[in-house]
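Thanks for coming, everyone. Please have a look at the model on the screen, and I will walk you through it.

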Amino acid sequence: VFATERVDALSREWRTLAVLGGVPFPSVISGGWVVLQGTGAATSARVAAGPGGSSRPALLMDRIDGEPVSDAGELLAGLGGLLGALDDAGIAHGDLKPEHFVRGADGALRLLDLGLALPRLSRETSGGTPRYLPLGDADLGTARERDLLAAGLVLAELAEPALRDVPALLAAARRATGIPFAMEIQALVHACPSLRRLPGAE
């Protein structure tokens, strides 16, 4: 269950997942109103009749059991398929970060949390996780170009775990040359947004 007080995020996630149509993304089973009970891992939801009181809108999605991707090679191998599926639908994720890449129980790479998705050519920059955005660049690029950069930064953190503690991740990733997948990372985090490329892409 994905419940939030932000109806706009919920609505965006529902529309995006409907366009994407499931694997490698979650599928929406139903939508409605819930009341959340408990906190943290012990939170549960009960169906509410509608808006009012402490109820909030929610989506019921298929459960994706799995664990966060922790191997740079695995992420790199699946990145083209995930971002290609978004491209084909004309969508950018809008908030790529490590916890959104999950290896499902079936071994397939999945991409979660599309509540900040937007049209791939949009220049809108609301939302997103600052660590994975090109905030210091003169040109932030389109939503797709920002997704490529964020994917490169996630890849850099997986390839070189010491980068996880570096406050200026983008600058460090652009300077990193002696780490695994350095060429692929450089292609994704290029300072010129229009030159960012998925490895192997023309």
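Let's start with helix H3. Of its 17 residues, 16 are buried, so H3 is largely enclosed by the rest of the structure. Buried means under 20% relative accessible area, exposed means over 50%, and partly exposed is in between, with a 1.4 Å probe and protein chains only. H3 reaches 24 Å from its first C-alpha to its last, close to the 24 Å expected at 1.5 Å a residue. That expected span is 1.5 Å times one less than the number of residues.

A word on where this comes from. This is a predicted model, where local features need pLDDT of at least 70 and side-chain atom pairs count only at pLDDT 80 or more, while totals for chains, interfaces and linings use all residues. Residues are numbered from 1 along each chain as its sequence is written, and side-chain values use heavy atoms, with hydrogens and water left out.

Now the overall layout. The protein has 5 helices and 9 strands. Helices (H or I, at least four residues) and strands (E, at least two) are DSSP runs, numbered from the N terminus. From that end, the order is β-α-β-β-β-β-α-β-β-β-β-α-α-α. The protein has 202 residues, and 42% of them count as buried.

Back to H3, and its partner. How do helix H2 and helix H3 pack? H2 covers residues 72-88, H3 covers residues 143-159, and they pack at an angle of about 165° with their axes 10 Å apart. That makes H2 roughly antiparallel to H3. The axes are lines fitted to C-alpha atoms, for helices over the stretch in contact, and angles run from 0 to 180 degrees between N-to-C directions. Under 35 degrees counts as roughly parallel, over 145 as roughly antiparallel, 65 to 115 as roughly perpendicular, and the rest as oblique. H2 passes H3 in a right-handed crossing.

Next, helix H1, residues 7-20. Its 14 residues should span 20 Å at 1.5 Å a residue, and its end C-alpha atoms are 20 Å apart, which agrees. Which residues of H1 are buried? They are Ala9, Leu10, Arg12, Glu13, Thr16, Leu17 and Leu20. They cover an arc of only 165° around the axis, so they sit on the same side of H1. The arc is taken from the directions from the helix axis to the C-beta atoms. On the other side of H1, Arg15, Ala18 and Val19 are exposed. Just after H1, Gly21 takes a positive phi of about 70°.

Stay with Arg12 for a moment. Its relative accessible area is 19%, so Arg12 is buried. Arg12 and Ala117 are 105 residues apart in sequence, but 6.9 Å apart in space, C-alpha to C-alpha.

Another arginine now. Arg196 lies in the segment after helix H5 (182-188). Arg196 is buried, at 1% relative accessible area. Its side chain reaches the backbone oxygen of His190 at 2.8 Å.

Last, two backbone details. Most residues other than glycine have a negative phi. Asp113 has a positive phi of about 60°, although it is not a glycine. Asp113 is in the loop between strand E8 (109-111) and strand E9 (118-119). Phe181 also is not a glycine, and has a positive phi of about 65°. Phe181 is in the loop between helix H4 (169-175) and H5.

How values were computed
A polar contact is a pair of N or O atoms within 3.5 Å; within protein, one must be able to donate a hydrogen and the other to accept it, and residues adjacent in sequence count only if both atoms are side-chain atoms. A crossing is left-handed if the near helix is turned anticlockwise from the far one by less than a right angle, and right-handed if clockwise.
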